[in-house]
Number of protein chains: 2
Amino acid sequence: MFCSLSRLYRGLSRPTRRTTQLIWSSFSRSLVLSSQRRIPELSSFVARTNTCGELRSSHLGQEVTLCGWIQYRRQNIFLVLRDFHGLVQVIIPQDESAASVKKILCEAPMESVVQVSGTVISRPPGQENPKMPTGEIEIKVKTAKLLNSCKKLPFEIKDFVKKTEALRLRYRYLDLRGVQMQYNLRLRSQMVMKMREYLCNLHGFVDIETPTLFKRTPGGAKEFVIPSREPGKFYSLPQSPQQFKQLLMVGGLDRYFQVARCYRDEGSRPDRQPEFTQIDIEMSFVEQTGIQSLIEGLLQYSWPSDRDPVVVPFPSMTFAEALASYGTDKPDTRFGMKIVDISDMFRNTEVGFLQDALSKPQGTIKAICIPEGEEVLPIFLKTNNNWNSPVAKFIMEEQGLGLIRLLETQEEDVVLLTAGEHKKACSLLGKLRLECADLLEARGVVLRDPALFSFLWVVDFPLFFPKEENPEELETAHHPFTAPHPSDIHHLYTEPQKVRSQHYDLVLNGSEIGGGSIRIHDAELQHYILATVLKEDVKLLSHLLQALDYGAPPHGGIAIGLDRLMCLVTGAPSIRDVIAFPKSFQGHDLMSNAPDSIPPEELKPYHIQVSWPTDSETKRVH
Amino acid sequence: MFCSLSRLYRGLSRPTRRTTQLIWSSFSRSLVLSSQRRIPELSSFVARTNTCGELRSSHLGQEVTLCGWIQYRRQNIFLVLRDFHGLVQVIIPQDESAASVKKILCEAPMESVVQVSGTVISRPPGQENPKMPTGEIEIKVKTAKLLNSCKKLPFEIKDFVKKTEALRLRYRYLDLRGVQMQYNLRLRSQMVMKMREYLCNLHGFVDIETPTLFKRTPGGAKEFVIPSREPGKFYSLPQSPQQFKQLLMVGGLDRYFQVARCYRDEGSRPDRQPEFTQIDIEMSFVEQTGIQSLIEGLLQYSWPSDRDPVVVPFPSMTFAEALASYGTDKPDTRFGMKIVDISDMFRNTEVGFLQDALSKPQGTIKAICIPEGEEVLPIFLKTNNNWNSPVAKFIMEEQGLGLIRLLETQEEDVVLLTAGEHKKACSLLGKLRLECADLLEARGVVLRDPALFSFLWVVDFPLFFPKEENPEELETAHHPFTAPHPSDIHHLYTEPQKVRSQHYDLVLNGSEIGGGSIRIHDAELQHYILATVLKEDVKLLSHLLQALDYGAPPHGGIAIGLDRLMCLVTGAPSIRDVIAFPKSFQGHDLMSNAPDSIPPEELKPYHIQVSWPTDSETKRVH
């Protein structure tokens with residue numbers, strides 16, 4: 001029996017990726033995130049005296065009333081009761097006088113909800129379960145009440161039982177009973193609470209709710225529209241409270257934050273949700289370093305206490321350096337394999353495609369060295385400095401030695417080389433770098449320590465990028481309210497493409513988890529950038545331009561993507577595992593079947609009708 | 001000069017209704033709501049050393065850097081700088097060497113943003129301003145920087161300057177600079193933070209975000225629709241997270257709360273907003289008294305420390321009693337003037353309309369006595385027990401004396417009498433009661449102490465009401481998930497109109513600020529009520545019915561209307577004064593002009609088109 005129970009218990013706490021050393025015990029520990037905080041009363045106001053998970057030897061002899069779900073029953077003697085806090089073993093009474101109690105507890109199907117009252121007793125010697133936090137005790141039941149019965153389940157409520165994501169989402173209310181989902185949602189709540197304490201109680205930020213029924217912003221192609229009762233007039237669900245937070249600074253609120261619901265209609269994207277949450281922050285009279293220190297402190301303060309503490313300040317890297325060394329603006333700095341420029345070594349090469357690449361503007365030759373890459377990749381550098389490559393014969397000995405020196409190549413390493421335009425070459429190697437890391441890790445090489453959280457600021461982004469479809473025109477690299485870098489402002493009126501911005505991204509383990517900027521607070525500058533550089537219709541933003549003219553303070557801010565951050569902190573495979581009721585890839589709520597059809601008469605008050613696609617259009621869609 | 005300054009200061013802090021003993025000083029006190037809490041650092045991370053409002057004699061001699069708006073300037077010598085925290089007097093240097101500083105500070109228009117650095121010095125003896133928290137000191141400026149200039153304003157940033165609400169909303173970012181709006185938004189942030197501490201840290205609630213892109217609920221005529229990219233399929237913005245919070249209980253989350261954004265499309269309503277916020281709570285294994293104690297504790301804990309403490313438990317009144325005594329389900333219990341049933345006294349009356357009323361089912365005669373009503377109302381009871389009324393001559397002496405006894409009528413009081421069906425008679429007198437209270441207060445009679453917060457639970461509502469348009473059919477009094485009262489459950493299958501519910505409303509000073517219920521956790525009962533009693537299409541709620549069948553725990557909850565609560569706490573005349581960016585009566589954002597037109601091509605991805613009203617329809621609308 002106890003063997004099975006401990007197997008069950010191990011099953012419940014079976015690790016899915018890294019988080020899941022996290023079992024009930026560590027979970028209950030983490031309920032108390034800070035020593036100064038009172039332990040919450042988990043049984044106040046309700047019909048229980050204790051939670052299932054909290055009982056220990058110190059409770060021996062106490063009369064308790066517990067409420068929970070029947071997790072397990074064996075031989076009609078032992079029953080394991082579960083609540084959000086843990087498991088406890090209950091002894092079903094066998095004597096005649098308790099026949100009705102026995103009947104209730106033996107006949108209730110698994111996952112039925114019961115209330116039991118009884119005494120906390122110690123387990124018989126030798127039957128303790130040291131792996132179970134409540135493993136020293138059990139409950140000698142006196143009374144029992146069936147609170148609700150459970151029909152046959154579509155899947156068992158055990159984390160180790162594999163189920164498709166579609167099934168999990170359809171029965172989300174059952175999926176939520178699992179240990180991992182309980183842990184993820186509770187940790188999210190606790191971290192957000194700590195962030196609020198840091199912002200509100202320690203640094204005087206004001207939590208201000210901004211509207212979500214707003215006006216479409218210029219270029220807001222990804223904004224959901226909401227018809228109003230006025231014909232042809234629509235609200236829009238904003239992608240972020242950007243305008244409002246700036247207007248709050250103009251309004252003298254000084255320090256704003258909000259755990260803000262945002263909306264982005266991107267159609268189907270695997271790891272995006274049509275609605276998502278960001279920790280949205282704005283401050284007046286601040287510079288880039290101020291925001292960075294604030295955020296470093298915020299993460300340090302709110303970080304789960306059972307992880308390695310966050311070390312601050314975070315390292316910082318320019319956009320140019322990130323691109324050159326990692327081929328991306330969100331470098332995963334947990335491992336090396338940096339991109340190296342080897343152009344100089346090949347200035348006099350006779351290899352055609354290398355010559356060709358170097359002769360073009362921005363032309364370069366780049367390489368990365370993959371340690372122990374031989375295990376997984378076509379071999380490039382063989383022992384004795386022999387090169388195994390289609391271009392090996394063109395690489396002269398001194399170039400080969402130079403490569404080894406520059407890339408610090410060891411035997412069995414693999415070198416990947418690419419030649420071409422700087423940005424493209426770097427991007428390509430950046431992607432290969434991550435692919436190779438995945439391949440190596442699949443082979444058991446430990447490149448990225450799962451306990452390591454590697455934060456990085458990426459700074460000095462360009463203010464504008466050339467438009468892909470028309471490189472003569474510029475578009476904003478982030479959003480049009482981003483302030484130019486003070487050292488580059490002189491370029492703005494002559495060579496705007498050279499202007500760096502005061503934008504900063506926060507990267508964690510190769511994922512962008514936040515971004516922000518110092519904003520433009522000068523109406524004239526804002527107007528110039530919108531109208532002259534970006535050629536936007538300034539009328540749509542006239543309220544903001546006007547606001548800047550009425551004594552707008554210098555200000556800046558940042559937004560942290562909460563879903564993605566929690567995904568990384570919990571080690572969840574998808575953001576859907578840190579959201580209570582997520583949408584599917586296709587933006588569907590599989591439980592309630594949203595979005596759904598609406599009778600035409602219910603659309604009438606909104607003065608809209610459905611434009612049903614013609615047959616040919618339908619075919620194109622499908 | 002100091003006389004003007006103090007006048008200015010009085011202007012800034014001029015009371016609008018009761019809140020506004022709240023001036024800067026009490027405001028900065030209330031920043032620290034609890035003694036255990038650290039005083040927030042208001043100048044961390046930014047380009048100032050102190051806030052304008054915090055400087056006192058204890059700062060004398062300190063070199064400070066301040067950032068703020070120019071509130072006032074006099075004789076090019078004195079300048080009053082304002083930030084969110086208060087006002088401080090700055091001395092503009094007059095010596096030649098500081099000409100550039102003088103130029104900046106003297107030339108910047110009012111409401112320009114400046115940064116000044118200087119020394120805190122004491123004011124010359126006799127020039128202190130005891131009404132100003134910083135009135136003992138002033139700043140001897142050494143350097144100054146114009147951070148942003150301000151154009152001519154549409155109105156002065158002074159609370160005593162009257163402006164229309166339309167103007168305030170159009171320039172909301174300027175309106176927010178006023179003392180009252182700053183106070184309202186900051187108090188809101190602080191109270192919500194305290195509520196979170198109570199729920200999350202003290203009682204183990206989990207803050208869980210639920211989706212706002214959902215499916216239309218049955219009877220959801222007031223739900224905004226959001227077209228999706230699938231032809232004919234729509235999301236809906238929910239009126240509350242009701243279904244989700246119940247599903248979270250099925251999911252074993254045990255204690256949920258959320259400061260939830262909710263949406264209701266009601267067209268134009270003066271004191272409603274299309275989006276509003278509720279403190280949304282749900283618990284498992286709880287009964288009505290548990291929720292009530294939780295909420296009493298919540299309000300007590302989060303109540304502003306500069307008000308009289310909240311006394312718990314709150315009194316409770318049945319719906320029947322509230323209707324009979326106050327003619328409403330949200331009695332204002334700050335004053336008497338209760339409704340009295342005087343039917344018995346008139347059983348043998350010869351007055352036709354009274355006879356008539358009493359002969360009908362539920363027929364009654366009711367009255368209220370308005371103390372000192374003579375001052376404002378047509379006189380009813382004259383001295384010497386003479387009645388001044390069209391029906392006076394029909395009132396026999398003994399009836400008159402009986403009235404005086406029952407209603408405890410005094411000389412100069414007014415009695416209002418009505419005869420008719422119980423509910424209608426009570427409602428009418430209930431409305432007159434409030435009207436009379438307004439009239440009396442307009443005449444200077446103090447009926448409702450502005451410092452008094454009178455909480456009241458209203459309980460034992462009917463579960464169903466007869467539909468107005470067809471009294472044979474029943475509709476739910478609150479929502480279809482409300483559990484029947486256990487004592488009445490036997491009536492459900494025979495006389496459902498007699499069943500009381502486990503719904504409870506929280507009333508404050510005559511406003512409903514919250515409501516909740518114990519929910520149905522039995523799938524069969526829920527199905528019976530939906531399908532048989534309410535005749536709803538159960539398919540739309542099949543996911544919820546199914547969830548109840550999989551071991552749903554008993555559960556209940558409540559929602560507190562945050563906007564209305566804050567409106568009462570701050571004494572604001574409208575909920576628009578406790579919301580940063582509210583919509584107008586017509587649901588418009590007057591600042592950005594939302595809702596707005598959208599080009600037809602931007603509607604295409606959503607497969608909708610505008611149904612423009614025909615001319616005749618347009619005429620009907622206007």
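## A residue to start with

Is B:S189 buried or exposed? In this predicted model, B:S189 is buried, because its relative accessible area is 3% and buried means under 20%. You will find B:S189 in helix α6 of chain B, which covers residues 179-202.

The neighbours of B:S189 are worth a look on your screen. Leaving aside residues within four places in sequence, B:S189 is in contact with A:C200, A:F205, A:V206 and A:D207. These contacts lead us across to chain A, so let us see how the chains are related.

## How the two chains are related

Chain B can be laid on chain A by a turn of 180° with a shift of 0.0 Å along the axis, and the RMSD is then 0.1 Å. That is the relation of a two-fold axis.

Which surface does each copy use to meet the other? The copies meet through the same surface, because 100% of the interface residues of chain B are also interface residues in chain A.

## Chain A in outline

Chain A has 622 residues, and 60% of them count as buried. Its secondary structure comes to 17 helices and 22 strands. Among contacts in chain A with a separation of 6 or more, 68% are between residues 24 or more positions apart.

The accessible surface of chain A comes to about 25,500 Å². Carbon and sulfur atoms account for 52% of that surface.

## An open sheet and its helices

Strands of a sheet pair through backbone hydrogen bonds, either parallel or antiparallel. In chain A, an open sheet of eight strands with mixed pairing runs in the order β6-β9-β10-β20-β19-β18-β15-β11. Its edge strands are β6 (206-207) and β11 (316-318) of chain A, each of which pairs on one side only. Within the sheet, β15 (residues 455-459) and β18 (residues 503-508) of chain A pair in the antiparallel sense over five bridges. If you want one pair to find, take A:V459, whose bridge partner in β18(A) is A:Y504.

Helix α6 of chain A (residues 179-202) touches β6, β9 (255-263) and β10 (275-284) of chain A, and its direction makes about 150° with that of β9(A). Helix α15 of chain A (residues 562-570) touches β9, β10, β18, β19 (511-518) and β20 (555-561) of chain A. The direction of α15(A) makes about 50° with that of β20(A).

## Helix α11 of chain A

Which residues of helix α11 of chain A (397-407) are buried? They are A:Q399, A:G400, A:G402, A:L403, A:I404 and A:L407. An α-helix has 3.6 residues a turn, so residues three or four places apart point the same way.

After α11(A) comes A:E408, which has a positive phi, near 50°.

## Salt bridges

Side chains of opposite charge can pair when their charged atoms come close. A search of the whole structure finds 74 salt bridges over all chains. One of them joins the side chains of A:D207 and A:R196, at 3.0 Å from N to O. A:D207 lies in strand β6 of chain A and A:R196 in helix α6 of chain A, so the pair ties together parts that are eleven residues apart in sequence. Both A:D207 and A:R196 are buried.

In chain B, the side chains of B:R272 and B:E266 meet in a salt bridge at 2.9 Å, N to O. B:R272 counts as partly exposed at 28% relative accessibility, whereas B:E266 is buried at 17%. Another salt bridge joins B:D356 and B:K360 at 3.6 Å, N to O, and B:D356 counts as partly exposed at 40% relative accessibility. There is also a network of salt bridges that links A:R188, A:R261, A:E275, A:D563, A:K583 and B:E209.

## One more residue in chain B

To finish, turn to B:Q242 in helix α7 of chain B (residues 242-250). B:Q242 counts as buried at 10% relative accessibility. Not counting residues up to four places away in sequence, B:Q242 touches B:H479, B:F481 and B:R519.

Note on methods
Residues are numbered from 1 along each chain as its sequence is written. Chains are lettered from A and ligands numbered from 1 in the order in which they are written. This is a predicted model: local features need pLDDT of at least 70, side-chain atom pairs count only at pLDDT 80 or more; totals for chains, interfaces and linings use all residues. Side-chain values use heavy atoms; hydrogens and water are left out. Copies are superposed by least squares on the C-alpha atoms of residues with pLDDT of at least 70 in both. Contact means heavy atoms within 4.5 Å. Buried means under 20% relative accessible area, exposed over 50%, partly exposed in between (1.4 Å probe, protein chains only). Helices (H or I, at least four residues) and strands (E, at least two) are DSSP runs, numbered from the N terminus. Accessible areas come from the Shrake-Rupley method with a 1.4 Å probe; for residues, only the protein chains shown count as cover. Two strands pair if DSSP finds at least two bridges between them. Axes are lines fitted to C-alpha atoms, for helices over the stretch in contact, and angles run from 0 to 180 degrees between N-to-C directions. A salt bridge is a side-chain nitrogen of Lys or Arg within 4 Å of a carboxyl oxygen of Asp or Glu.
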